[in-house]
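Notebook open; I want to look at the fold of one chain and then at how two chains meet. Here is what I loaded.

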Amino acid sequence: MSLWRRLYGANPLHLLVLIACFALVGYVVSMLWEDPTWLALLIWFLGAVIGHDLVLYPLYALADQPLRLARWARRRADRPVLVPAVNHVRAPVLGSAVLGLIYLPTITSHGEDALRFTSGLGTAGILENWLLVTGVLFLGSAVIYAVRLGRAARGTARPATHA
Amino acid sequence: MAQATRDEVPPRTAPEPTYGFPAGLWRGLGRIPVPPPFHPRTWRSPLRGTWLTSVFGAVLLVGLTIVVLTGLMSYIAYGPQFGQAIPADVGGLHLPFFDWPTDPSWFYRLTQGLHVVGGMVLTPVVLAKLWSVVPKLFAWPPVTSVAQLLERISLLALVGGILFEFVTGLMNAQYDYSWGFGFYTAHYYGAWVFIGGFVAHVVLKFPTMVRALRRGPHGTGAFDRWLHDSPATTEPEPVDAHGLAPVDPGRPTLSRRGLLGLVGGGSALVGVLSIGQTWDALRPLAVLSPRGQSYGDGPNDFQINRTLAGSGIDPAALGDGWRLRLTGGTGEVSLSRSDLAAMPQHTAVLPIACVEGWSTTRTWSGVRLRDLAALAGVSAPDNAFVQSVETSGAFARATLQANQVLDPDALLALRVGDDDGGPMADLSPDHGFPARVIVPALPGVHNTKWVASIDFRRTGAT
């Protein structure tokens, strides 16, 4: 067993499970082998991985850097920041972004022709709805921030006895 | 001051990986100095770690299992025994076949609502899970054993599968068909690729997940602490062999509670703005969904999946000259709309639920399908083939199971109204005038509109 482990790097069950996985995927591939659209399927499958791991992920990781920089720039040597603002920016940005991502085809009217053919409906006003929802998220976050800031300021102002 | 104490913290070092054969090769690879993002110091979030990933993993284990199973059930709901599920021949890749039930009438509404809205609600969790494991994607050395090499390949099925399914599912529900392949085939086979990766991943990682959840974020078994920690008191998870916790953590700007709240809040936000497409009372909230819109035409104000214009039917074919043909018995029966209206009418409150995830409850009235079967001389059909006046579309015809014909609420509907006793009206042209099928728990598109004929079939007799 330990020789097996040294050679393979995990227990035999690990290999059995993975063989089962590859067999299933191989079976799916065999079902699609003669599908005339196999290339488009492959491109979209790999494209989804590349699009997330190498495009979307780096974008939002980088988008967080200015927030960290701003946080660093706002640091005070003499007194601490009462309420950090960073998460009051992150939360509405993420909320708006995830809605924008999920509803991207509708917000950008990308499926509008097919939608109209199917249902007689258009997508007019939905972009505006998304912008409104975004505005509400930012406003809500700002209000909560202001309330927290006010509370924290009162909390620190009262015991202002340091000479 | 905080800086001073931080400097006293002993350095966090990743344990030396156990190398499989050929160990020299992997170890040699590991000694090559690499730039970011392959260098482990690239990943500085103090929140990443085995425990955090396990929390997301546990949510997805339950949630994605529901989404996968309800999706596979939808394939059964389409009637694969009649060759009308898409793709028609899937070999062994399906749940055991069974006759889709008609009771409860909201069954398909529930399963498909869970599938579509559930998938949307889980999107933030999937993204968070992928965020939590991204250091593994760039881990160096990329491989430490044959076992790990194979496991990384299987992760392509897992990650590629889930992203492909979410992208195709979300686009299809929003009528964006930019792919160059058929949705049903792609989404169905994509699901099986994902299932392969998912099952393997769960089997291999389940013990790790359970162990990490039991131990808690600090490896002490103390669960209560992470619930109360502030960003300042948040400590990184201990470094372990799983390589998720950072070796060089940055200062926390968000607590664990905050991160989970952010992800959960994102899911709740998506849920609130999406549930309205399948929950009538909350429809006004579905402001981003193409199916949250209203037609504003009273009893006929509900979603249309095929307009009369889109069907290509000449409206003259639906006028006074329209006849319903019933076959299967000894002779053919032909009925005009006034003949149908003169037959005993039955009223039923039934949902109509689309594979795209929207649904609505309506009051329908018309002639029971079983009365039509008896009229045709086949009072106990094994199935019924319904043909629309429309001939072109994929759903211009549907075969119904015996239970779907004989259910007392299965109708050839002539009139429709809202779900709480409002006025009824004739079906509008877009909703299938002169007559359409409505069967409890049947996928929306199989409730054939503009019905031209129904053939009640005895499989033993033919």
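For elements I took DSSP runs numbered from the N terminus: helices are H or I with at least four residues, strands are E with at least two. By that count chain A has eight helices and zero strands, so its elements run α-α-α-α-α-α-α-α from the N terminus on.

Housekeeping: this is a predicted model, where local features need pLDDT of at least 70, side-chain atom pairs need 80 or more, and totals for chains, interfaces and linings use all residues. Residues are numbered from 1 along each chain as its sequence is written, with chains lettered from A and ligands numbered from 1 in the order written.

Next I checked the overall shape of chain A. Its C-alpha trace spans about 80 × 65 × 20 Å along the principal axes.

Then I looked up the interface. Chain B puts in 63 residues and chain A 54, with contact meaning C-beta atoms, placed from the backbone, within 7 Å. On the chain B side, helix 5 gives the largest share, 15 residues. That side divides into 38 nonpolar, 21 polar and four charged residues (Ala, Val, Leu, Ile, Met, Phe, Trp, Tyr, Cys and Pro are nonpolar, Asp, Glu, Lys and Arg charged, the others, Gly among them, polar).

Last, I looked at one helix pair inside chain B. B:G119, B:T123 and B:V126 in helix 4 meet B:I162, B:F166 and B:G169 in helix 5.

Terms used:
Contact = placed C-beta atoms within 7 Å.
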